[in-house]
Amino acid sequence: MSLHLATVLQDTTVVTLARDGIGLVSAWMTVGIGVAFVAILIVLLLVLSELRLLSRTWTTFLNTTTERAVPLVEHANSAARNLDRITEVVRSEVDRFDGAVGEVADDLGRASAEVKRRVADLSALLDLAQSEAEDAVLDAAAAVRMLRQGTALLRGRGTPADDGAEAPPAGGDDA
């Protein structure tokens with residue numbers, strides 16, 4: 001009796017049609033897509049696990065490299081600081097040398113001007129000495145001429161010539 005009651009209570013009847021070729025292919029495609037999805041999911045999980053392993057390997061490599069590179073970086077920084085200090089020292093020495101060279105050049109310029117002034121003074125002094133010597137020689141020559149004329153007049157040997165030249169002595173010596 002319970003069986004009969006169950007059929008009486010059911011008011012919907014499900015009718016399924018026989019499967020044709022398209023429905024069968026569609027069902028198999030759905031199963032194939034599901035299997036492919038599961039296979040892709042498994043492959044994706046395997047790839048992700050390999051990537052995680054690779055990431056760990058690279059992280060270990062980078063950490064090791066960083067630990068090994070720290071002393072090199074410290075030495076490079078120390079060398080850069082030393083080079084900077086050397087550059088500062090060289091720059092200060094070059095500036096000091098440049099100042100010294102400038103002072104020497106200024107001193108040479110002043111010395112050159114002083115030498116030029118002294119050479120000009122010496123040249124003027126030599127010109128004055130030459131002029132005085134010429135005047136002295138001319139005065140001495142005139143005095144000698146006058147002396148000869150005077151002695152010639154005193155000796156009575158003749159009269160001086162009108163042109164200012166000395167007359168030749170009558171008796172001989174020309175002293």
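Asp139 sits in helix H2. This is a predicted model. Asp139 is exposed, because its relative accessible area is 54% and the cut-off for exposed is over 50%.

Asp139 belongs to a negative surface patch.

## The chain as a whole

The protein chain has 2 helices and 0 strands. Buried residues make up 1% of its 175 residues. The accessible surface of the chain comes to about 15,600 Å². Carbon and sulfur atoms account for 66% of that surface.

## Helix H2: bend and end

Helix H2 covers residues 21-155. The helix bends by about 35 degrees at Ala69. A proline, Pro71, follows within four residues of that point.

Gly156 comes after H2. The phi of Gly156 is positive, near 80 degrees.

The whole structure holds 6 salt bridges. One of them joins Arg85 and Glu88. Their closest N and O atoms are 3.6 Å apart, which counts because the limit is 4 Å. Both residues lie in helix H2, 3 residues apart, or about one turn of the helix. Glu88 is partly exposed, with a relative accessible area of 38%.

Another salt bridge pairs Arg110 with Asp107, at 2.2 Å from N to O. This pair also lies in H2, with a spacing of 3 residues, about one turn of the helix. How exposed are the two side chains' residues? Arg110 is exposed, at 53% relative accessible area. Asp107 is partly exposed, at 41%. The two fall into separate classes because the boundary for exposed is over 50%.

Asp121 and Arg117 meet through their side chains in a salt bridge of 3.0 Å, N to O. They are 4 residues apart in helix H2, about one turn of the helix. Asp121 is partly exposed, with a relative accessible area of 42%. Arg117 is partly exposed too, at 43% relative accessibility.

## In brief

Helix H2 carries the bend at Ala69 and holds Asp139. The Arg85 and Glu88 pair lies in H2.

Terms used: Residues numbered from 1 in each chain as written. Predicted model: local features only at pLDDT ≥ 70, side-chain atom pairs only at ≥ 80, totals over all residues. Heavy atoms only, no water. Bend = angle between axes of the 7 residues up to and from the residue. Buried < 20%, exposed > 50% of the residue type's maximum accessible area, 1.4 Å probe, protein only. Areas by Shrake-Rupley, 256 points an atom, 1.4 Å probe, with all protein chains shown as cover. Patch = residues over 30% accessible without salt bridge, like charges linked within 9 Å, V, L, I, M, F, W, Y side chains within 5 Å. Lys, Arg positive; Asp, Glu negative; His and termini not counted. Charge placed at Lys NZ, Arg CZ, Asp CG, Glu CD.
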